[in-house]
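Dear colleague,

I am handing over the structure to you with this email, and my notes on what was found in it follow below. Please read them with the structure open beside you.

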Amino acid sequence: MTKESKNTATIERLIAQHKSMPGGLLPLLHAIQAAIGHVPETAVAAIATGLNLSRADVHGVISFYHDFKTHPVGRHRVQICRAEACQSMGSRQLEAHAKKTLAIDYHQTTDDGQVTLEPVYCLGNCACSPSVRVDDNVYARVDAQRFDALIAALGASQ
Amino acid sequence: MSQFYVPQDTTALALGADAVANALRDEGVEPTRNGSRGLFWLEPLLEVASDAGRIGFGPVAANDIPAILAALANDPSEHPLYLGEICEIPYFKQQQRLTYARAGVGDPLCLDTYQRLNGFVGLKNALSMSPQAIVDQVAQSGLRGRGGAAFPAGIKWQTVLDAVPKATRRHPEGGQKYIVCNADEGDSGTFADRLVMEADPYQLIEGMTIAGLAVGATQGYIYLRSEYPVAHRLLDIALQRAAEENFIGDNIQGSGRDFHLEVRLGAGAYICGEETSLLESLEGKRGMVRAKPPLPAIEGLFGQPTVVNNVLTLAAVSTVLERGAPAYESFGMGRSRGTLAIQLAGNIKRGGLIELAFGVTLREIVEDYGQGTHSGLPVRAIQVGGPLGAFMPESQWDTPLDYEAFAQIGAMIGHGGIVVFDSSADMAAQARFAMEFCVAESCGKCTPCRIGAVRGVEVIDRILADEHRADNMILLHELCDTMEMGSLCAMGGMTPYPVRSAITHFSSDFSRR
């Protein structure tokens with residue numbers, strides 16, 4: 001089975017699971033993204049048919065929320081908190097450092113496909129700022145050195 | 001035999017609590033993973049309970065463990081990280097903990113621990129009361145919504161209790177009412193909801209179930225932000241265990257009453273913390289703000305009567321029903337009753353969760369509890385109430401934390417987040433950021449918010465570049481007026497607060513370059 005037809009089968013299965021759930025579109029999109037890493041644009045028609053929505057509705061929801069991606073992203077998602085508490089502790093410098101060392105801007109992926117860099121507005125760790133989230137782990141008091149160590153550890157676990 | 005505790009909340013984990021727990025296991029000690037006490041500057045905080053009481057060490061690193069264990073065998077107070085009895089630490093001892101009374105005491109997922117610490121007493125009381133009697137208790141307690149708007153919870157609940165669900169195609173006899181918990185805690189500098197969900201999740205479950213009994217709703221949703229993966233994991237387990245022990249579900253504890261509860265995950269949109277936008281999102285739509293009326297209490301989720309309350313409001317309900325309305329109402333000042341979960345954050349030496357009755361001043365919190373800035377530089381500005389809150393200069397720090405007192409000076413308590421900035425802060429850059437944040441997070445429904453914020457960034461840039469500074473300053477004020485008057489919700493309506501306060505109190509920052 002090709003990767004594409006496997007993805008299509010996964011999406012069909014998830015649509016079937018969510019079609020009768022009240023307000024099921026967000027849970028469905030989360031499930032698709034968890035399974036295949038993003039919500040492919042080719043899935044919009046199937047989702048619309050399955051949930052009895054228009055394609056415009058589905059596209060509108062996907063494009064509204066920062067979390068949903070329509071294209072493949074890096075193996076790891078690295079988020080730097082840009083909110084005020086982290087700014088008060090130097091997150092602006094951390095952002096600049098991260099962009100420079102990874103040689104990418106926000107919403108871009110490193111050439112090796114390892115890291116996608118994203119801004120985030122608050123991780124709820126505001127007493128020990130600046131905060132960074134790598135996949136599902138949050139890290140506190142992240143300075144340039146600690147950031148480099150986190151990124152190096154991703155390479156080691158590849 | 002001593003019992004060891006290492007917290008499993010986001011902040012403790014972010015500072016290496018797992019490594020500390022593993023270091024203990026390497027020494028043959030299995031720690032209990034408790035919730036955090038909220039004394040975040042001490043995390044990871046290792047606690048040891050023995051016959052002599054419960055003592056703490058912190059902040060602990062994994063490589064401190066062998067020496068701590070050795071000290072415990074002799075004289076624990078010899079160790080440099082020794083903190084003494086946890087309950088005697090002034091930061092903790094001086095608090096008035098109601099909502100956070102259980103936080104950090106034990107395993108947050110253990111139902112026995114929860115019940116041993118008076119958990120589900122409020123629910124059991126509620127099960128023997130009429131819906132109207134429960135609503136009366138909440139009204140008498142003086143509890144106001146803790147999400148930011150401070151609307152009296154009792155009035156909201158009464159409206160939903162009195163509302164009649166609309167007939168639907170599937171339920172021609174009338175649909176159902178809903179309880180929705182707003183756990184989309186997006187304000188920078190806030191973590192009080194997170195701490196409840198991670199350190200005492202059953203309290204929220206209990207409060208929501210009581211709300212369901214009070215207004216006649218049988219379905220509840222916790223709308224949780226996706227930025228909280230630890231809270232998500234813990235809540236899911238807690239819900240499963242609560243269902244297994246029949247504290248939620250059908251025929252709760254043999255009472256004949258039903259209440260079903262599930263977690264729904266947000267998707268990274270700040271605006272979904274606004275209640276009508278949250279309801280749209282729960283319905284599976286774009287999180288676009290709705291015009292009010294109709295109020296959500298009359299036409300809320302799927303068009304049905306809905307209670308939408310913040311995590312802290314619903315958690316407080318379990319205290320009200322456990323101890324009675326007069327006990328809760330005895331805390332606080334003026335029309336602000338009960339306790340406030342103050343979250344001390346940003347550039348601060350001792351950041352954390354401070355639960356106190358309303359009325360304490362900002363200065364006491366920042367100077368006495370917080371001990372000044374983390375950097376050691378003087379405090380310059382304090383932002384209270386999240387990204388839409390004003391920047392307060394030193395002349396305002398003696399304002400008591402009370403909804404009305406803050407409103408009088410054009411500030412707001414909001415969800416209780418306090419972000420401290422030291423003297424290196426550039427308040428013009430912060431004003432620009434307030435507009436930039438609105439650009440990123442506006443839902444787009446109201447033109448003044450959607451486009452005004454973009455223009456706001458541009459105008460501030462021109463002011464900072466000294467292009468017709470005086471004229472552009474007038475333009476910025478007019479733009480702020482337009483956003484304030486012409487937006488449906490607080491996103492556009494209050495983004496001018498931080499901007500204007502920065503201009504008023506820190507004007508030199510706008511002409512520095």
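A residue is called buried under 20% relative accessible area, exposed over 50% and partly exposed in between, with a 1.4 Å probe and protein chains only. This is a predicted model, in which local features need pLDDT of at least 70 and side-chain atom pairs count only at pLDDT 80 or more, while totals for chains, interfaces and linings use all residues. Residues are numbered from 1 along each chain as its sequence is written, chains are lettered from A and ligands numbered from 1 in the order in which they are written, and side-chain values use heavy atoms, with hydrogens and water left out.

By that rule A:Tyr121 is buried, with a relative accessible area of 13%, and B:Phe437 is buried as well, at 3%. Rings of Phe, Tyr and Trp (its six-membered ring) pair if their centres lie within 6.5 Å, and planes under 30 degrees apart count as stacked, over 60 as edge-to-face and the rest as tilted. The structure holds 18 aromatic pairs over all chains. The rings of A:Tyr121 and B:Phe437 have centres 5.0 Å apart and planes at 65°, so this pair is edge-to-face. Together with B:Tyr270 and B:Phe433, these two residues form one aromatic cluster.

Turning to the interface, 39 residues of chain A are in contact (heavy atoms within 4.5 Å) with 58 residues of chain B. Across this interface the rule finds one salt bridge (a side-chain nitrogen of Lys or Arg within 4 Å of a carboxyl oxygen of Asp or Glu). The side chains of B:Glu436 and A:Arg82 meet in a salt bridge, at 3.1 Å from N to O.

Best wishes
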